[in-house]
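Biologist: I would like to learn how to read some packing and backbone features. Could we start with a pair of helices?

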Amino acid sequence: MTAALARPIHLRYAAPSELAAAPLHSSVRLSLDSARGPVGVRGTLRDAALFRDAMAALAAILESDLRYKGRDRTAYLAYLMKKGKKATAAIWEAQKAFLEGAYGDDAASAKQGDGAPSPAKSAGALDPVLTVHPDEVSIEVFSRDESAYARLAFSSELFEGREAAHGTAFVDLSPRIVEQIDRLRVYTRVELDAGSSRAAGAGAAASGAAASASIERSLEVPATWLRGFLQVQSAATLPAVSCELAPIDLYNALFVLRTRKAKKPPRGLRFELVPGKPPRLILEPWETLLEGHGPPYEGPPRVVRTFGRQRLLALSRLLPHVRSARAELRGPGLPVFWVLDLGRATLTVALTGWTDSSWASAASFDALMPRGEARAALDALAGRQLALLRERGPLPLAALAAGGSAEDARAALQLECLRGRVLYDVARRVYRPRELFAEPVDEREIRYSSPREAAAHRLLAAPGAVRPTKVHEIAGEGTEIHGEVADREAHRDFSPRFTMDLEGRVSDAWCSCPTFRRSGLREGPCEHMIALRVAYARERAEKDALRQTAEGRALIRAETRTYVRREASGAEVVYRVSLDDRVVHLAWGARAGEPRHQRIWFDTDVEARDAYFKRLDALTSSGFVDADASSA
């Protein structure tokens, strides 16, 4: 599927969402899409302050957009035209952008908070998704820049006199209702009434008045947005390293992020996980160490670097309600999930390392897609598990995989997540049925974000057609990757290369193909660069799995590993060990200081390899942690 294709969606709300306030009583009325049938929930809120602050944080994530925005030069260019300057293409483009911003579809949709119908078809993101479960009510949102996903779940204990109709529907969460909820008087009695058939005003209002207040909107949801939304939910099903944090730990991290601004990379949030000790947080590039106050970490020692930390500032509003925080760390390039326990509510936030659907994410999404082999059996298993979830409700993986392979069950459920029919609840670690659309999404339609990505996977399908040839570690900059791609349709070989910086972003890309020579990266990366990026990610994953065995270690001739240890004084010692054929190179010292170096030559590569792994084992026994084992 190309990026130009989109999914048409028609939404119809009986009335705009509104807040009806009286001196001693308030009612929050949320309108749901009436096309999904009778879905809704009604009840009195036991903790109105929690509801208000949680909805404000959810809306902040929904509206967040950290993409680069250039300066508006419209006024300056108009001044140049007034002075008699020639009307260049830049002037006309600036005027066009100004008119589109003032009178385009985005401006029309922004006025829908006043209840004015907007039947025109526009391109944009989906409205938030509200699902009523037997034990909770959840609202899901996805940020404008496709970098943050949030799921807010209100427990049934939050409601007094709860009445519910189970199901899923889109909810009208316009800026107008968000502003009204932010001014909610929490000292009065507050009721929540979310339903798809609610009309404006009291129930005795005339049908004609309700029809005039209805909102109808047609959307063309971009494939890239839908792909990212489902990608995050599919990534949630993968195994993760989990650690618990105290509320004060989250406060300390947010305080540093609010008071300091990083002016150079890396801009990561690093977790130091040592068994039997609370997790430590290190904020780069200042190397600010935050000692944890949560429960001790249980698991293998790890150092995990994550990105996207600036979006955590949206959680500041919830700090008074947080009882505990849990970070779930998955593989390289995959989202980092934060789970906040708010008592009668839970907020799950997934943060990625980029602020748009960059082609660098193609390697991560490739790991989420089911392989072609045994597809019929996978479809059959997915259908049985979906039927079981609809019958019995939320279930953990162990219950769904009873009598079968857990990996097969996870792959089938991952497929259903991509189709929009199953949701993995990270907070409770259970799978839930959730129909995003009336008809399931064809995962093949969101498989590729562009025709070039589809062409890249065509190249990858040919055995040996894409080969990473050189991988250079550049100290302080990142990794430079060279490769060879045999394009059989073009009857030529091409030599792409690119550099991944310390934050996992791709820069300084080059290729010998005609596409790159004609336009460079102005039209995006060529299929050979994308193929090399995915091939490198696959090769690295295979090597990481293979190096755990004696047979795999015997094949390693060149490798570099980094180990770290935190001293009692708080200083961090970094030990870097490299194997290059018959040479073992050692570099060690304080992270902020100048390292010491040593090179050891051996008569054979076997002796060098044995000495290399003995050195790694000695570092592990000395309390050093492998910093390359898990880098998110």
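Biologist: In which sense does helix 1 cross helix 5?

Modeller: The crossing of helix 1 and helix 5 is left-handed. Bear in mind that this is a predicted model. The axes of helix 1 (residues 48-63) and helix 5 (residues 175-182) are 9 Å apart, and the packing angle is about 145°.

Biologist: Which residues make the contact?

Modeller: Helix 1 contributes F51, R52, M55, A56 and A59, while V178, I181 and D182 come from helix 5. By type, the contact of helix 1 with helix 5 has six nonpolar residues, two charged and no polar ones.

Biologist: Next, aromatic rings. How many aromatic pairs does the structure hold?

Modeller: There are 13 aromatic pairs. One of them is F142 with F229: the ring centres are 5.8 Å apart and the planes lie at 65°, so this pair is edge-to-face, because planes over 60 degrees apart are given that label. F142 belongs to strand 7 (residues 136-142) and F229 to helix 7 (residues 223-235), so the pair ties together parts 87 residues apart in sequence.

Biologist: Is F142 buried or exposed?

Modeller: F142 counts as buried, at 3% relative accessibility. F229 is buried as well, with a relative accessible area of 2%.

Biologist: What is the geometry of the pair F271 and W338?

Modeller: The planes of F271 and W338 are at 45° and the ring centres 6.0 Å apart, so the pair is tilted. F271 is in strand 14 (residues 269-273) and W338 in strand 19 (residues 336-341), so parts 67 residues apart in sequence are tied together. F271 is buried at a relative accessible area of 0%, and W338 is buried at 4%.

Biologist: What sits over the ring of F437?

Modeller: The charged end of R7 does, 4.3 Å from the ring centre.

Biologist: Where does R429 lie, and what is its phi?

Modeller: R429 lies in the loop between strand 21 (422-425) and strand 22 (430-433). Phi of R429 is positive, near 60°. R429 is partly exposed, with a relative accessible area of 40%.

Methods: Residues numbered from 1 in each chain as written. Predicted model: local features only at pLDDT ≥ 70, side-chain atom pairs only at ≥ 80, totals over all residues. Heavy atoms only, no water. Phe/Tyr/Trp six-rings, centres within 6.5 Å; stacked < 30°, edge-to-face > 60°. Helix = DSSP H or I, 4+ residues; strand = E, 2+ residues; numbered from the N terminus. Buried < 20%, exposed > 50% of the residue type's maximum accessible area, 1.4 Å probe, protein only. Lys NZ or Arg CZ within 6 Å of the ring centre and 35° of its normal. Axes fitted to C-alpha atoms, helices over the stretch in contact; angles between N-to-C directions. Left-handed = near helix turned anticlockwise from the far one by under 90°. Contact = heavy atoms within 4.5 Å. Nonpolar A, V, L, I, M, F, W, Y, C, P; charged D, E, K, R; others polar.
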